[in-house]
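This report describes the sheet, the helices packed on it, the nonpolar core and the aromatic contacts of one protein model. Definitions are given where each term is first used.

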Amino acid sequence: MAAEYQLRQYIVEEGMWDEFLTIFPEVVKARKEAGFDVIGVWTVPEERRFIWIVSTEHPDGIDGASKVYYHSLGRKAITPEPATLLSEISTTTMAALPGT
């Protein structure tokens, strides 16, 4: 299977920016253990916007790797629960354009 990519965009809750950035390395570690690679991370602090792209070659694509991630002990150990620090979550699954 060709790699699948996912664009993940968050708006961090007011006052939670530093706490989110503190736990984010744990999120990355758990994602990598579940078969994801992190392509890049960008921020727009004045908008509390956090943007990153992940990829996976899991046989069941993003959905399959996400199931592994969300059921993993590494993910369950992250405190606080990352989603509680976010006011908006937007994801878009993408495929690379061949030959680019």
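## Strand pairing and the sheet

E4 has T56 in strand β3 as its bridge partner. Helices (H or I, at least four residues) and strands (E, at least two) are DSSP runs, numbered from the N terminus, and two strands pair if DSSP finds at least two bridges between them. The model is predicted, so local features need pLDDT of at least 70 and side-chain atom pairs count only at pLDDT 80 or more, while totals for chains, interfaces and linings use all residues. Residues are numbered from 1 along each chain as its sequence is written, and side-chain values use heavy atoms, with hydrogens and water left out.

Eight bridges join β1 and β3 in the antiparallel sense; Y10 stands opposite F50 in β3. Strand β4 (residues 86-95) pairs with β1 over nine bridges, also antiparallel, and here R8 stands opposite T91. In general, strands of a sheet pair through backbone hydrogen bonds, either parallel or antiparallel.

The open sheet has four strands in the order β2-β3-β1-β4, with antiparallel pairing. Because β2 (36-44) and β4 stand at the edges with a single partner strand each, one side of each is left without a neighbour in the sheet. From one strand to the next, the twist averages 15 degrees.

## Helices on the sheet

Helix α1 packs on the sheet and touches β1, β2, β3 and β4; contact means heavy atoms within 4.5 Å. The direction of α1 makes about 0 degrees with that of β3. Helix α2 also packs on the sheet, touching β1, β2, β3 and β4, and its direction makes about 55 degrees with that of β1. Axes are lines fitted to C-alpha atoms, for helices over the stretch in contact, and angles run from 0 to 180 degrees between N-to-C directions.

In α2, the residues G61, I62, G64, A65, S66 and Y69 are buried, where buried means under 20% relative accessible area, exposed over 50% and partly exposed in between (1.4 Å probe, protein chains only). Their cover includes β1, α1, β2, β3, α3 (73-76) and β4.

S55 is found in strand β3 and counts as buried at 5% relative accessibility. Not counting residues up to four places away in sequence, S55 touches E4, Y5, G35, F36, D37 and I39.

## Nonpolar core

A nonpolar core is a set of buried Ala, Val, Leu, Ile, Met, Phe, Trp, Tyr and Cys residues joined through side-chain atoms within 4.5 Å. The largest such core has 20 residues, of which F20, F24, F36, F50, W52 and Y69 touch the most other members. At least two residues of this core come from each of β1 (4-12), α1, β3 and α2 (61-71), and α1 gives the largest share, seven residues. In soluble globular proteins, nonpolar side chains tend to be buried together.

## Aromatic pairs and charges over rings

The structure holds seven aromatic pairs. Rings of Phe, Tyr and Trp (its six-membered ring) pair if their centres lie within 6.5 Å; planes under 30 degrees apart count as stacked, over 60 as edge-to-face and the rest as tilted. Two of the pairs are tabulated.

| Pair | Centre to centre | Angle between planes | Class |
|---|---|---|---|
| F20 and F24 | 5.9 Å | 40 degrees | tilted |
| F24 and W52 | 4.8 Å | 80 degrees | edge-to-face |

F20 and F24 are separated by about one helical turn because they are four residues apart in helix α1 (residues 17-33). F20 is buried at 2% relative accessibility, F24 at 10% and W52 at 0%. F24 lies in helix α1 and W52 in strand β3 (residues 49-56), so their pair ties together parts that are 28 residues apart in sequence. Ring pairs link Y10, F20, F24, F50 and W52 into a cluster.

A charge sits over a ring if NZ of Lys or CZ of Arg is within 6 Å of the ring centre and within 35 degrees of the ring normal. R31 lies over the face of F36, 4.8 Å from the ring centre, and the charged end of R31 also sits over the ring of Y69, 4.0 Å from its centre. Not counting residues up to four places away in sequence, Y69 touches V27, A30, R31, A34, F36, R75 and I78.
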